[in-house]
Amino acid sequence: MNTTTLKVIVIDDDPKFQKTYSYYFSTYREYELAGIYHTVEEALEDYDAVRPDIVLSEIGFTGLSGIEGLIEIQKSENAAMVIIVSFEDDFERIMKAFKFGAEGYLTKPIGKKRLRHALNSIKNEGAAISHDIAKKIISMYRRKSYECFSERENQIIEHLGQGATYKAIAEKLFVTPSTINFHIQNIYIKLNVNSKSEALRKIREMNAA
C-alpha cells in the first residue's frame, strides 16, 4: 500500500452514513475518500480504475452482499484491505467475513475518532476490530484455541485480538519487548505463519471452521 495518502472507498446505501463518511474523510489528511457507492456492483465496476487501498463496506444490500463483494475483491491482483462496517453483530456473520478475507469488522454507529483509529490499525497492524467484536472472538479463542498455546501465549493472543501493538503488550504484561517477540515467534511457528495479520487470520479461520 501507499506510504503517504491511502485511497479509501465506501460501500453503503444509507444517505445518512454517506454524508457522515464524507465529513469524516474531509478531516483526515492521511486518507483520501476516493468514492462512495450505493451498491457492491457499482463499487466493483470502478474498482480496477480506482485501485483503493482500503474498502469500508456494509453487509446487507439488495443485490450482491458485502461478503460477496469481499470475495470478488480478494480475487483482484490489487486486493484492498476490507473493513466490514455494519449494525450486524451476529457471530457467524462476523466469522464468515473474516473467513473470506476481511481484515476488520466494526459495528455501527462509528465515530470520527474510532474510524480513524481503525484505519490506522489497518495501515500499521493489518487488522481492525471493534471492542465488542474482539470480546466475541476472544471468547472463541478461550473455548477452541487456548489448548494449542501456553498461558503466556494465550495472554498475548488475547491482546493481539484487541489490536494492541507488541510494545503495548509488553507494557501490559510487565515484560520486555524482546520477551514478547520471543513468544510471538513461537506463536508464528505453531500457526505456520510469518506475520501478525496472518496469525490473527489463521486463528479466526480455526474458530470459524
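Four aromatic pairs are present in the structure, which is a predicted model. A pair of aromatic rings is described by the distance of the centres and the angle of the planes. Phe25 and Tyr28 form one of the pairs, with ring centres 5.3 Å apart. Their planes meet at 75°. Planes over 60 degrees apart count as edge-to-face, so the Phe25–Tyr28 pair falls in that class. Tyr28 also pairs with Tyr31. Here the ring centres lie 6.3 Å apart, which is within the 6.5 Å limit for a pair. The planes of Tyr28 and Tyr31 stand at 80°, so this pair is edge-to-face as well.

Residues under 20% relative accessible area count as buried. Phe25 has a relative accessibility of 5% and is therefore buried. Tyr28 is likewise buried, at 5%. Tyr31 has a relative accessible area of 2%, so this residue is buried too.

Lysine side chains were examined over a further aromatic ring, that of Phe17. Lys16 lies over the face of Phe17, at 5.1 Å from the ring centre. Lys108 also lies over the face of Phe17. For Lys108, the distance to the ring centre is 3.9 Å.

How values were computed:
Residues are numbered from 1 along each chain as its sequence is written. This is a predicted model: local features need pLDDT of at least 70, side-chain atom pairs count only at pLDDT 80 or more; totals for chains, interfaces and linings use all residues. Side-chain values use heavy atoms; hydrogens and water are left out. Rings of Phe, Tyr and Trp (its six-membered ring) pair if their centres lie within 6.5 Å; planes under 30 degrees apart count as stacked, over 60 as edge-to-face and the rest as tilted. Buried means under 20% relative accessible area, exposed over 50%, partly exposed in between (1.4 Å probe, protein chains only). A charge sits over a ring if NZ of Lys or CZ of Arg is within 6 Å of the ring centre and within 35 degrees of the ring normal.
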